[in-house]
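The sequence and coordinates come first.

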Amino acid sequence: MIIIFFGAPGVGKGTQAALFAERMGFGHLSTGEALRNAIAAQTDIGKLAKQIVDEGKLVSDDIVTKIVEETLAQPKFQAGTILDGYPRTIGQATALADILHAKGQSVAVVVNITVDQETLVQRLLARGRKDDNEETIRARFAVYENETAPLLDFYAKTPNLIKTIDGEADVETVYSRVKIAVEGK
Ligand code: B4P
């Protein structure tokens, strides 16, 4: 089963994806975390990605797709796959469809988490990661609106694929909403 966790920066994709993967025994791929690990390890990808992530922009589709291809080949992703923060552009969604098609697979559900934008700003400022300053947060929201939100139209072409969840509640309440949405598939 392939599940995409989708939503604006700070909406709780990473939080819910990690919980869901742990409890269901699924593989969890966060492209944001993979990029932060590459930056910390100063790999070639990390050196290319550092400034882009710090400015709240999107790393190129080619780099991200390479990470995804390599990660999905790992055995722990056979039981199930949680994609957290990927795809984020139409190009990435098309690349993902090609990768899955070659394996005879397809996306089972897109979990679209929604939270009011001012709540998101407060959550991210409280988290305080390097890219969680006000200027970068605003840039990330703009990128989300322009490049990522249009993916909802892309996935809406498949009937009943998108499940929209209200993410404005405590973590366990949101988790139970996610679980019901996924079990309904
Ligand atoms: P990500 O790592 O994906 O981070 P995010 O969208 O900012 O956060 P997320 O929604 O996962 O929020 P979280 O659960 O952590 O991306 C970071 C950067 O990497 C991007 O800006 C981009 O540069 C790059 N990148 C990543 N993927 C890419 C791609 N595919 N293509 C190109 N570039 C890419 O939650 C946030 C905070 O809220 C946490 O502190 C959490 O504890 C709190 N929280 C969560 N749920 C809560 C709840 N229910 N109530 C209260 N607080 C909650």
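## Cavity

One cavity of 30 Å³ or more is present in the structure, which is a predicted model. The space in the largest cavity amounts to about 40 Å³. Its lining consists of Phe 5, Phe 6, Gly 7, Lys 13, Gly 85, Tyr 86, Pro 87, Arg 88 and Thr 148. Sorted by class, four of the lining residues are nonpolar, three are polar and two are charged.

## Largest pocket

The largest pocket holds about 820 Å³ of space. It is lined by 40 residues, of which Gly 10, Lys 13, Arg 88, Arg 129 and Arg 140 are the closest to the pocket centre. Two or more lining residues come from each of helix 1 (13-24), helix 2 (31-40), helix 6 (117-127), helix 7 and helix 9 (171-183). Helix 2 makes the greatest contribution, with five residues. The class counts for this lining are 15 nonpolar, 14 polar and 11 charged residues.

Lys 13 and Arg 88 belong to the lining of the largest cavity, and both are also listed among the residues closest to the centre of the largest pocket.

## Second largest pocket

For the second largest pocket the volume is about 200 Å³. The residues that line it are Ala 93, Leu 96, Ala 97, Leu 100, His 101, Gln 105, Ser 106, Val 107, Phe 154, Tyr 155, Thr 158 and Leu 161. Helix 5 (90-102) and helix 8 (151-156) are the elements that supply two or more residues to this lining. Helix 5 has the largest share, five residues.

The lining of the second largest pocket includes eight nonpolar and four polar residues, and no charged residue. The lining of the largest pocket, by contrast, has 11 charged residues.

## Ligand surroundings

The ligand is surrounded by 30 residues, and the closest of them are Thr 15, Lys 57, Arg 127, Arg 140 and Ala 169. Arg 140 is also one of the residues closest to the centre of the largest pocket.

The side chain of Thr 15 has an N or O atom 2.7 Å from an oxygen atom of the ligand. A polar backbone atom of Gly 12 is 3.5 Å from a ligand oxygen atom. On Thr 31, a polar side-chain atom lies 2.8 Å from a nitrogen atom of the ligand.

## Asp 131

Asp 131 sits in the loop between helix 6 and helix 7. Its relative accessibility is 7%, so Asp 131 counts as buried. The side chains of Asp 131 and Arg 129 are joined by a polar contact of 2.8 Å. When residues up to four places away in sequence are not counted, Asp 131 touches Val 53, Thr 136, Ile 137 and Arg 140. Of these partners, Arg 140 is also listed among the residues closest to the ligand.

## Val 143

Val 143 is part of helix 7, which covers residues 134-148. Val 143 counts as buried because its relative accessibility is 15%, and the limit for buried is under 20%.

Apart from neighbours within four places in sequence, Val 143 is in contact with Gly 56, Lys 57, Leu 58 and Thr 148. Thr 148 also lines the largest cavity, while Lys 57 is among the residues closest to the ligand. The C-alpha atom of Val 143 is 9.4 Å from that of Arg 88, and the two residues are 55 residues apart along the chain.

How values were computed:
Residues are numbered from 1 along each chain as its sequence is written. This is a predicted model: local features need pLDDT of at least 70, side-chain atom pairs count only at pLDDT 80 or more; totals for chains, interfaces and linings use all residues. Side-chain values use heavy atoms; hydrogens and water are left out. Helices (H or I, at least four residues) and strands (E, at least two) are DSSP runs, numbered from the N terminus. Buried means under 20% relative accessible area, exposed over 50%, partly exposed in between (1.4 Å probe, protein chains only). Contact means heavy atoms within 4.5 Å. On a 1 Å grid over the protein atoms alone, a cavity is a set of points where a 1.4 Å probe fits but cannot get out, and a pocket is an open set with protein on both sides within 12 Å along at least five of seven lines; lining residues have an atom within 4 Å of a point. Grid points are joined across faces, edges and corners, and a volume is the space filled by probe spheres set on the points. Ala, Val, Leu, Ile, Met, Phe, Trp, Tyr, Cys and Pro count as nonpolar, Asp, Glu, Lys and Arg as charged, and the others, Gly among them, as polar. A residue is near a molecule or strand if one of its heavy atoms lies within 4 Å of it. A polar contact is a pair of N or O atoms within 3.5 Å; within protein, one must be able to donate a hydrogen and the other to accept it, and residues adjacent in sequence count only if both atoms are side-chain atoms.
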